[in-house]
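Please look through the sequence and the model below before reading on. The report that follows takes up a few parts of the structure in turn.

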Amino acid sequence: MKRNSLTLAILMSCTGLASNAHADDTKLQAEVDALRAEVVELRGLVHELQSQRAPAQAASPVSGAALPNAPLPSAFAAANAVPAPAVSQPAATTAAGDAIPGTGGSGLALGANTSLWGYGQLDYNRPTKRISDTQADLTRAVIGFNHVFDENTRVYGELEWEHAVASSTDRGESEVEQLYVEHALAQNYGMRVGLTLVPLGLLNEHHEPGNFYGVERNFVEQAIIPSTWREGGVSMYGNTDWGFNWNVGIGTGPNLGAWDPAADEGRLSPLGSIHQELQLAKARDPSLYAAANWQGVPGLLLGGGVFTGKIGQGDAVLPVNRSRLILSEAHLRWQPGPFDFSALYTRGTISNTQDLNLQFLGQPTPVPKSFWGGYVQGAWRALEWGSDSSLSPFLRYEMFNTAAAYATQPQGLGTAPLPTQRVWTLGANYYLNPNVVFKVDYQKFRYEDLVLGYGNRFDLGLGYQF
Amino acid sequence: MPALIAARGRRWVAVLLAFVVVGSASSAWAASTLTPELVQLGRKIFADESLSASGKMSCATCHDPKFGHAQNNELAVQSGGASLDVPGFRSVPSLRYLNFNTPFFFASDGTPTGGFNRDGRANTLVEQAERPFLAAHEMANGDATSLVDKLSRASYADAFRSMFGADVFARVDTAFLAARYALSVYESTASEFRPFSSKYDLFLKGKLKLSAQELRGYVLFNNPNKGRCAACHLSTRQANGDPPVFTDYTYDNLGVPRNAAIPANADPLYFDMGLCGPERTDLANRRDLCGQFKVPTLRNVATRKVIFHNGYFKSLREALEFYVQRDTSPQKWYPLDAAGAVLKFNDVPPLLARNVNTSEGPYNRHPGEAPALSDIEIDDVMAFLATLTDGYDPVTNTADPARDVPAQ
């Protein structure tokens with residue numbers, strides 16, 4: 001309504017009606033009615049344009065993040081529309097403006113209120129120096145669902161299998177990545193309760209393979225922001241007319257008591273080794289997060305967020321209760337024409353680790369005091385075939401350090417910080433259509449670490465989403 | 001309708017009551033089987049010399065509570081039997097902290113794990129207690145009847161009857177089982193078997209600081225490129241928050257030198273090969289496991305009179321030196337043959353010498369290379385290992401496992 005009134009006021013001033021305030025009331029009323037009709041017509045045109053724009057958005061990575069805050073009359077009504085095979089169907093969005101995967105044209109509707117969606121990723125990694133370590137993997141297969149209870153309330157879930165086979169004797173995993181109930185309190189804000197993705201970075205909330213360049217997710221948003229990072233709790237989201245999206249939440253956080261100083265995982269991803277994924281999560285100490293994105297200029301996305309909480313979780317035996325995690329990040333994405341640039345920086349700290357690390361002296365993986373990472377990336381939609389297929393070469397440079405500093409230990413007994421890893425990735429995404437992507441890249445590492453899987457390699461990948 | 005609701009309500013109340021009754025009955029049963037009286041009975045059996053053929057040997061004779069429930073002398077093996085002159089085959093393992101052990105199993109990667117005895121052939125403490133009562137080189141009762149006869153004449157026989165039935169001694173198998181059960185409850189619940197009273201435990205609780213030397217030793221103990229001891233002797237808290245027990249309950253083949261002090265070793269064809277026999281028989285065809293013995297806890301290791309399954313080493317320092325110098329200076333540990341070549345790994349059959357662990361640090365080195373730990377570093381590790389001794393007194397900065405043993 002606000003926007004309609006504003007539009008009306010602008011149109012009124014443009015046509016000079018404001019200066020004719022004393023004109024004949026009947027005439028004025030007629031003109032207002034005519035303008036109203038025009039507004040309705042314009043609104044329809046806008047909607048139509050958005051519908052046409054949707055496939056192009058889908059073809060470009062991170063379509064969800066780049067979508068404007070479409071003021072759809074009801075996000076959920078759109079989500080419920082029976083998907084037509086034509087790719088021109090508009091992608092439905094949540095009230096927060098995020099695209100609902102599977103509603104972009106080819107999701108599977110199960111009745112009037114329920115739809116299924118999914119994505120998958122298959123990878124082939126060939127280390128150039130250790131060819132015997134070459135590996136092919138069905139990295140993940142995902143089935144998601146979206147069920148609408150009423151115009152304002154839905155339940156949304158994402159079920160995932162990693163590495164093809166999951167059993168007690170296999171290395172695959174079966175997991176629930178998202179499961180929450182969302183309730184729109186108004187057209188532009190609402191709340192979610194359940195297991196939700198932490199809204200930090202560019203990738204965590206948009207981790208479908210069509211949404212990122214390169215066969216593998218970038219290192220920074222795996223090692224520092226532990227994608228796919230989700231926590232259980234309550235969050236509120238919303239957006240404003242001027243392109244500002246926000247999301248704040250309170251819920252579970254990592255569990256520092258689960259740190260394993262003898263394992264390598266903590267050096268691969270400090271938070272990835274202690275996040276709980278809502279699996280019988282220790283939940284004494286609630287964590288908080290806040291994130292915001294601004295998309296007020298077409299093609300530009302600016303955002304950032306912070307996650308913080310005490311992560312000792314009331315551990316009765318380890319000296320971790322005073323430890324606090326603060327992870328913050330800022331990101332930028334700019335998509336002028338066929339180009340696509342992005343940059344991200346993130347840094348985390350864990351306080352009061354000295355006493356805990358004293359118990360871990362000599363072990364290979366103490367708890368870091370600080371860790372950070374950042375990357376810049378440029379891509380170019382160089383070739384397009386028809387309205388569906390495109391080829392986008394890209395180049396990415398990453399720097400990250402999962403243990404940039406450790407708390408001080410008695411002289412001579414401390415552990416040296418890890419060296420900062422630097423990775424160049426050169427490759428291309430070929431979109432056969434907006435929902436099927438073939439990928440190829442070469443990654444060059446500054447230093448090799450066989451234990452952590454750092455070594456120059458050639459990668460091939462396939463991804464799909466529907 | 002209200003009547004129906006009332007009927008449903010009554011049914012729920014009945015179901016709830018049933019749960020309460022069953023629940024309290026089962027907890028009452030659990031409580032009765034773990035009463036202090038049962039622990040006390042186990043304690044008396046443990047210390048009762050009259051239960052042996054000699055009348056002079058109890059469990060505590062070899063598993064001396066004052067020595068961390070391990071042996072109190074420097075003999076490689078203890079002797080038992082009616083005249084205490086039948087030698088055993090292995091040194092005495094400590095019985096402390098065994099409540100954390102598990103039945104024997106192969107982990108998903110094939111690693112043998114758990115089990116009681118040095119070869120893990122007993123799956124429970126109840127099962128484990130059978131052999132010492134009967135074996136000719138230990139308490140030498142020969143059979144259960146002989147043991148139960150002694151039990152029936154013990155000072156605590158009435159207590160035994162009141163717990164297990166007035167006619168329990170007439171039912172030999174039941175009485176033998178009951179005695180072992182009382183022992184296992186005692187060993188797995190009495191605080192003296194798991195006191196966690198060492199200096200290291202106080203350090204883990206944040207109650208004190210380790211000295212600079214102890215901390216240096218701790219680093220060397222944990223460091224994968226130095227002692228690498230923590231790879232098997234886990235030094236950080238268990239997953240459930242319990243303090244570490246300094247073993248992962250797995251097995252390893254260290255190639256410990258043959259000990260001529262064991263009479264059985266006089267036979268050059270006799271080899272004690274742990275998991276694959278001869279005492280354990282079910283894994284005899286797993287030749288790859290020959291020579292593997294269970295990783296022991298290192299708690300109280302500084303108080304051990306002998307070290308390793310064959311008791312070859314009589315000082316902790318020697319044992320540590322062996323770990324790091326076995327491969328850099330093999331001539332220091334093994335005899336030479338007629339031609340002057342080192343007979344390395346002389347306590348396993350030559351064809352099975354390949355089973356000895358030579359791939360992991362600190363034993364992955366070669367003659368002439370520097371050992372993983374220098375002499376000074378060994379001093380530091382010894383200082384750390386001394387912090388694992390139970391019964392620590394912060395006032396005197398001394399530790400003695402005997403302090404955990406309650407007065408009888």
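## A covered helix in chain B

In this predicted model, what covers the buried residues of α11(B) includes α12 of chain B, which spans residues 375-386. Helix α11 itself runs through residues 316-325 of chain B and is mostly covered, since seven of its 10 residues are buried. The buried residues of α11(B) are B:Leu316, B:Ala319, B:Leu320, B:Glu321, B:Phe322, B:Val324 and B:Gln325.

## Nonpolar cores

The largest nonpolar core has 43 residues, and those with the most contacts inside it are B:Tyr200, B:Phe203, B:Phe221, B:Phe308, B:Phe313, B:Phe384 and B:Leu385. At least two residues of this core are supplied by each of the helices α9 (199-204), α10 (212-222), α11 and α12 of chain B. Another core, of 40 residues, lies apart from it and includes B:Phe46, B:Cys62, B:Met139 and B:Phe193.

Once residues up to four places away in sequence are set aside, B:Phe221 touches a number of residues, among them B:Gly227, B:Cys229, B:His233, B:Phe246, B:Leu298, B:Val381, B:Phe384 and B:Leu385.

## A buried loop residue

B:Gln292 is placed in the loop of chain B between β5 (251-252) and β6 (293-294). Is this residue, B:Gln292, buried or exposed? B:Gln292 counts as buried because its relative accessibility is 14%, and buried means under 20%. Leaving aside neighbours within four places in sequence, B:Gln292 is in contact with B:Pro112, B:Tyr251, B:Asp252, B:Asn253, B:Met273, B:Gly274 and B:Leu275.

## Chain A and its surface

The secondary structure of chain A comes to seven helices and 18 strands, and of the 466 residues in this chain, 49% count as buried. Among the contacts in chain A between residues at least 6 apart in sequence, 61% join residues at least 24 apart. The accessible surface of chain A comes to about 20,700 Å², and 62% of it belongs to carbon and sulfur atoms.

On that surface, a nonpolar patch of about 560 Å² is made by A:Leu302, A:Leu332, A:Trp334, A:Phe339, A:Phe341 and A:Trp380. The elements that give two or more residues to this patch are β11 (324-334) and β12 (339-350) of chain A. A:Phe339, which has its place in strand β12 of chain A, is partly exposed, with a relative accessible area of 37%.

How values were computed. Residues are numbered from 1 along each chain as its sequence is written. Chains are lettered from A and ligands numbered from 1 in the order in which they are written. This is a predicted model: local features need pLDDT of at least 70, side-chain atom pairs count only at pLDDT 80 or more; totals for chains, interfaces and linings use all residues. Side-chain values use heavy atoms; hydrogens and water are left out. Buried means under 20% relative accessible area, exposed over 50%, partly exposed in between (1.4 Å probe, protein chains only). Helices (H or I, at least four residues) and strands (E, at least two) are DSSP runs, numbered from the N terminus. Contact means heavy atoms within 4.5 Å. Accessible areas come from the Shrake-Rupley method with a 1.4 Å probe; for residues, only the protein chains shown count as cover. Patches are made of residues with over 30% relative accessible area and no salt bridge: like charges are joined within 9 Å, nonpolar side chains (Val, Leu, Ile, Met, Phe, Trp, Tyr) within 5 Å. A salt bridge is a side-chain nitrogen of Lys or Arg within 4 Å of a carboxyl oxygen of Asp or Glu. A nonpolar core is a set of buried Ala, Val, Leu, Ile, Met, Phe, Trp, Tyr and Cys residues joined through side-chain atoms within 4.5 Å.
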